[in-house]
Every structure is written in structure tokens, then in C-alpha cells.
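Biologist: Before I rely on any of the labels in this model, I would like to know what stands behind each of them. Could you take me through the terms one at a time?

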Amino acid sequence: MEPEAGWEAAVAVAEPDQVSLAPGDGQELSSLGGFLRTLSAVLFRPGEFFQNLGREGWAGPTAFALIVSSAGLMGALFWQLLVLAPAGGDLGDIAGLLPFQGLGPGLLLAMMAASPVLVLANLGVGGICWWGSVALVGAGRDFTPAWRIFCYAQAGMALGLIPFFGLLVAGIWVLALMYCGVKQVYGISAGASLGALAIYLALQVLLALTLLLLGLAGVLTGLGLLLLLG
């Protein structure tokens, strides 16, 4: 079965009176109740949610991902800040296990303030990597469905509010939701879905290494200029 045919089949078997749980697809994102129902559906009923997810529209999914991811990131940063606070007491013993170890309170507060901007940048880069990964396994080249899957999968970032280790749990949950989403929306096999996830992770690692090398090259260039001027 072709991926596009799999999608059409999934749409055909949907109940005619079934309403999508996604904001913008019958519910307003401004409604707190609708937002929470969508969040709950993605987290705990991902198969049903993605099976009935439409292919059109990007504004609703983007706003959803921005809100949930920003809240999760700020929660993770808050717990890190709590460990560094003088009142943290014995909590300082686990500081070395947290994802933002080594960052001072000032930088953590700045990152909390800039969370929406950081999240938006991450969504843009991650969404493009995910779209490329989906296309490489032959699921489809249309950007919008891949973007919708990626954005709604960010519901897992809500688990970043769990004290101290929530960001790790959130990352795993997001990947699981991405796997479920691509499998349900495109109707591809489990192997192809895992392949898309593996390619996505490889692209993320490659991007991180590239940025690290560029940063190192910039530092070395700066040191070289200082030596020449000195």
C-alpha cells in the first residue's frame, strides 16, 4: 500500500460524526478546556488522536507546541534554579544530574524569559529535520502533515514540569508521540516509522556537532586574532 493510499484509507474509515481534538479543527485554542482536552488526548490517547488528525493547517499546531514546550522548558529551568537557591538544602546533591548543570542563576532566569524564542527556534529546526526524515522513508513530501505531527508531539514537553528529571521523561515521550503520529497519519509500517525517528535523531546529532565545531572554530579564530594583535 502506498503511503498516500494509507492516509486516504485512514480518513475513509473515520466515523463521520467524529470531531478532531486538535485546536483549530473544531475547537478554539483560546478555550482552556479545549486546550487541556487536546493535551490529554495527545498524551494518553495518541493513537486515536493521530488517526483522526487532519492534514491542513499549521497555525493551531504551532501555537499549541509553542505554549506546551515553553511551559515545559520553564518548568525544567525552575527546578534547576531551585537546586541552586540557598534554600535548596540537600537538593544541591542532585545538581550534577540535571540537564542545565553549570549554569548560574542569572543565565537560568534569562533562559526562562527567553523560553518562547528558544522554543520557536527549536521548533523550526526540528520541524524541518522531521519533515526531511519523513520524506526519506517515503512517507510523503508534503510539509504540513509532518509539521502537524511534530507540533502536537510536543505535548510530551508538558512532562518537563515534573520535578528535576521531567525534561528527560519529556524528551522520551515526545519521540514516542512522533513515532505514533507518523505511523497513524501516513499509514506506514512500524519499521518505516522507527526509520524516520532514527533519521531525525541522526540529523539532530549531526546538527549539534556542526554547531559545536563552528563554535570551536570561532573561538580558535578569535584567539588567533588576539595573538596576532598582541
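Biologist: How many helices and how many strands does the secondary structure of the protein come to?

Modeller: The protein has nine helices and zero strands, where helices (H or I, at least four residues) and strands (E, at least two) are DSSP runs numbered from the N terminus. Read along the sequence, the pattern is α-α-α-α-α-α-α-α-α. This is a predicted model, in which local features need pLDDT of at least 70 and side-chain atom pairs count only at pLDDT 80 or more, while totals for chains, interfaces and linings use all residues. Residues are numbered from 1 along each chain as its sequence is written, and side-chain values use heavy atoms, with hydrogens and water left out.

Biologist: Why is Ser-193 called buried?

Modeller: Buried means under 20% relative accessible area, exposed means over 50%, and partly exposed lies in between (1.4 Å probe, protein chains only). Ser-193 has a relative accessible area of 0%, and therefore counts as buried. This serine is found in helix 9, and its side chain reaches the backbone oxygen of Ser-189 at 2.9 Å.

Biologist: Which residues is Ser-193 in contact with, leaving aside its neighbours within four places in sequence?

Modeller: Contact means heavy atoms within 4.5 Å, and Ser-193 is in contact with Tyr-179, Val-182, Lys-183 and Ile-188 once those neighbours are left aside.

Biologist: Why does Leu-175 count as partly exposed?

Modeller: Leu-175, which lies in helix 8, has 23% relative accessibility, so this leucine counts as partly exposed. Leaving aside neighbours within four places in sequence, Leu-175 is in contact with Leu-197, Tyr-200 and Leu-201.

Biologist: And why is Ala-114 put in that class, partly exposed?

Modeller: Ala-114 is found in the loop between helix 5 and helix 6, and its relative accessibility is 28%, so Ala-114 counts as partly exposed. Ala-114 and Met-74 are 40 residues apart in sequence and 9.3 Å apart in space, C-alpha to C-alpha.

Biologist: What makes helix 7 mostly covered?

Modeller: Ten of the eleven residues of helix 7 are buried, among them Trp-147, Arg-148 and Phe-150. For the protein as a whole, 38% of the 230 residues count as buried.

Biologist: What makes a set of residues a nonpolar core, and which members of the largest one touch the most others?

Modeller: A nonpolar core is a set of buried Ala, Val, Leu, Ile, Met, Phe, Trp, Tyr and Cys residues joined through side-chain atoms within 4.5 Å. The largest has 45 residues, of which Phe-50, Trp-130, Met-178 and Tyr-186 touch the most other members. Helix 8 gives the most to this core, with eight residues. Trp-130 itself touches, not counting residues up to four places away in sequence, a set including Ala-146, Phe-150, Met-178 and Tyr-200.

Biologist: How do you know which classes of residue make up the lining of the largest pocket?

Modeller: Ala, Val, Leu, Ile, Met, Phe, Trp, Tyr, Cys and Pro count as nonpolar, Asp, Glu, Lys and Arg as charged, and the others, Gly among them, as polar. On that basis the lining has 13 nonpolar, five polar and no charged residues. Of the 18 lining residues, Asn-122, Gln-154, Met-157, Tyr-200 and Gln-204 lie nearest the centre of the pocket, and helix 8 gives the most to the lining, with five residues.

Biologist: What makes it a pocket?

Modeller: On a 1 Å grid over the protein atoms alone, a pocket is an open set of points with protein on both sides within 12 Å along at least five of seven lines, whereas in a cavity a 1.4 Å probe fits but cannot get out; lining residues have an atom within 4 Å of a point.

Note on methods
Polar contact = N/O pair within 3.5 Å; in protein donor to acceptor, adjacent residues only side chain to side chain.
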